[in-house]
Amino acid sequence: MKIGQIFYKTIYNYNLHKRLPLYSKDANIAYCYHSVGKMENQFNDKLNTLHYQDVFYNQIKILRDKFNIISYKDFINNKSIKNSIIITFDDGYKDLFTYGLPILIELKIPAIIFLNTGVINNRDILWTNKLNYYFNNIKFEDVNRIINNVYNITVKFKDYAEIKNYLLSEFDI
């Protein structure tokens, strides 16, 4: 099944087409990106947030040709522009400024960049990327050891589902 088919099937399975103006030519739609770059790294691998530079370039050209890409100013002023979308970026990763911004400038595309200020001017990493790194690089035995040390328990979990159930019951979430 292609990505587009999965997208449309999801929208219809959850009746989102009745609640969201996704198909209206009069609605503003936000198209959100996270990362634009040349390669995945140990922190974004398997997160599916990276758009390769050449793919991003082609996507933006297609969006520009099919929609009216509006600015933040037009969006907040509720300017009614038919068939319009806004381009947004979450987190403000460095690769956006290195690889994505030059494309946006070249194609004269306005975009909104939401910076995660918790990692500006320091060497910290976003918590989602840390979690991704741990889940992709730590052995299950180490997860058991860490949880036993953190929660001062002596339990041997068989899988992640057991860990989840234990933590949910323990913290009454």
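This is a predicted model: local features need pLDDT of at least 70, side-chain atom pairs count only at pLDDT 80 or more; totals for chains, interfaces and linings use all residues.
**Figure 1. The largest nonpolar core.** This core comprises 14 residues. Those that touch the most other members are Y33, F56, I60, L63, I87, F89 and I109. Two or more residues of the core are given by each of helix 3 (53–66), strand 5 (84–91) and helix 5 (94–106). Another core, of six residues, lies apart from this one, and its members include I147, I153, F157 and I163. As a general rule, nonpolar side chains in soluble globular proteins tend to be buried together.

**Figure 2. D95, a buried charged residue in helix 5.** Although D95 is buried, it has no salt bridge. The nearest side chain of opposite charge belongs to K94, which is 10 Å away. Neighbours within four places in sequence aside, the contacts of D95 are S35, V36, G37, L50 and G100.

**Figure 3. N144 in helix 7.** Helix 7 spans residues 140–151, and N144 lies within it. Is N144 buried or exposed? Its relative accessible area is 3%, which is under 20%, and N144 is therefore classed as buried. When neighbours within four places in sequence are set aside, N144 is in contact with V155, K156 and F157. F157 is also one of the residues of the six-residue core. Between N144 and T154, ten residues apart in sequence, the C-alpha to C-alpha distance is 9.1 Å.

**Figure 4. The whole protein, as context for the close-up views.** The secondary structure consists of eight helices and six strands. Along the sequence, these elements follow the pattern α-α-β-β-β-α-β-α-β-α-β-α-α-α. The protein has 173 residues, of which 25% count as buried. Among contacts with a separation of 6 or more, 50% are accounted for by residues 24 or more positions apart.

Note on methods:
Residues are numbered from 1 along each chain as its sequence is written. Side-chain values use heavy atoms; hydrogens and water are left out. A nonpolar core is a set of buried Ala, Val, Leu, Ile, Met, Phe, Trp, Tyr and Cys residues joined through side-chain atoms within 4.5 Å. Buried means under 20% relative accessible area, exposed over 50%, partly exposed in between (1.4 Å probe, protein chains only). Helices (H or I, at least four residues) and strands (E, at least two) are DSSP runs, numbered from the N terminus. Contact means heavy atoms within 4.5 Å. Lys and Arg count as positive and Asp and Glu as negative; His and the chain ends are not counted. A salt bridge is a side-chain nitrogen of Lys or Arg within 4 Å of a carboxyl oxygen of Asp or Glu.
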